[in-house]
Amino acid sequence: MIHILVNDDETMLEQGCTLDGLLRQLSMDQLERIAIAVNDTVIRRSDWACHQLNENDRVLVIAPIQGG
Amino acid sequence: MKQTETLRIGDREYWSRLFLGTGKFGSYPLMRQAVEASGTELVTVALRRVHLHEAQDDVIAHLQLPGVHLLPNTSGVRSAKEAVLAAQLARESLQTNWLKLEIHPDPRYLLPDPIETMLATEILAREGFFVMAYCNADPVLCKRLEEAGAAAVMPLGAPIGTNQGLQTKAMLEIIIEQSQVAVVVDAGIGAPSHAAEAMEMGADAVLVNTAIAVAGDPVAMAEAFRLAIRSGRMAYESRLGLVSKQADASSPLTAFLSN
């Protein structure tokens, strides 16, 4: 298992888990308009299936909300 | 009905000179109705971390209206570095190069940080963003932002959400006179008359949020702003009369009863 941070929440994953796998684990795989950065680098949606996560990665998941 | 001139910013042309913020509306249906009543073609949205294990509600679904484009903002960032990451995430999330850049680390007055805003504008313009930079009403800063590649400058009338109107009027006049990019007066506009005043001065557009969203009837207020902005723009294009100290008779000054 590896430990990562997802929006500052500690999360445990299987070794070799991809971003797609993380989203499935968090039941967030149906969300259309989220965007993700890993260690402050944006990972494009087309790369989620192949981007493997590593120990201590910081994952930021954002979505649009109301705002001025 | 007489048409007013369209507004060109970046790769788009706008008929409406009212840009609308989507914050603070009591419900999504109310927000959507206000957007429709305002006639706006550009609405802002913010970005936030997704709360894990909480149901997500998709605000964008409620903003998908014909002719209405999205303008993501960087609200919540405190530095140029954070703003650049927020902009890149916004582009990925919403598939748009348009961005309202706002960097205001101070939570009390929410005043924009000019140095970080300048740095971020330089980087993001190079990356192909149409940067609309929220800034203080500082004519020198606005020119520097323009030179750095901003597609528009967004000087404030008063601090965000205060409804104080054009407290910075004298500086806004200089900014409007000097700017080669669109000037969008943002923040502090609390009444349709404030918006009309900005348009009569020659501002290219205004961005309104709080004054509409927290009104007793946000949908009617959105229409009131639409009318005021159209009226103000038409007055500007019609060229206002000069202001003078001494009277200038509107009726002939010939003697009425005797010479």
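Which residues of helix 6 of chain B are buried? They are B:Pro192, B:His194, B:Ala195, B:Ala196, B:Glu197, B:Ala198 and B:Met199, where buried denotes 20 or more other C-beta atoms within 10 Å of the residue's own, with C-beta atoms placed from the backbone. The model is predicted, with pLDDT of at least 70 required for local features and 80 or more for side-chain atom pairs, whereas totals for chains, interfaces and linings use all residues. Residues are numbered from 1 along each chain as its sequence is written, and chains are lettered from A in the order in which they are written.

Helix 6 spans residues 192-201 of chain B, and because seven of its ten residues are buried, it is largely enclosed by the rest of the structure. Helices here are DSSP runs of H or I with at least four residues, and strands are runs of E with at least two, numbered from the N terminus. The buried residues of helix 6 pack against strand 9 (182-186), strand 10 (205-208) and helix 8 (218-238) of chain B, a contact being two C-beta atoms, placed from the backbone, within 7 Å. Just after helix 6 of chain B comes B:Gly202, with a positive phi of about 105°.

Two helix pairs of chain B can be described by their axes, which are lines fitted to C-alpha atoms over the stretch in contact, with angles from 0 to 180 degrees between N-to-C directions. Helix 2 and helix 3 (residues 114-126) of chain B pack at about 40°, their axes 8 Å apart. Helix 2 of chain B is therefore oblique to helix 3 of chain B; angles under 35 degrees count as roughly parallel, over 145 as roughly antiparallel, 65 to 115 as roughly perpendicular and the rest as oblique. On the helix 2 side, B:Ala80, B:Ala83, B:Val84 and B:Ala87 make the contact, and on the helix 3 side B:Glu116, B:Leu119, B:Ala120, B:Ile123 and B:Leu124.

For helix 4 (residues 139-147) and helix 5 (residues 169-178) of chain B, the axes come within 9 Å and cross at roughly 30°. The two helices of chain B are therefore roughly parallel. Here B:Pro139, B:Cys142 and B:Lys143 of helix 4 meet B:Met171, B:Ile174, B:Ile175 and B:Gln178 of helix 5.

Finally, the contact between the chains takes 27 residues from chain B and 24 residues from chain A. Strand 4 (42-49) and helix 2 of chain B each supply at least two residues to the side of chain B that touches chain A.

How values were computed. A residue is buried if 20 or more other C-beta atoms lie within 10 Å of its own, exposed if 12 or fewer, and partly exposed in between; C-beta atoms are placed from the backbone.
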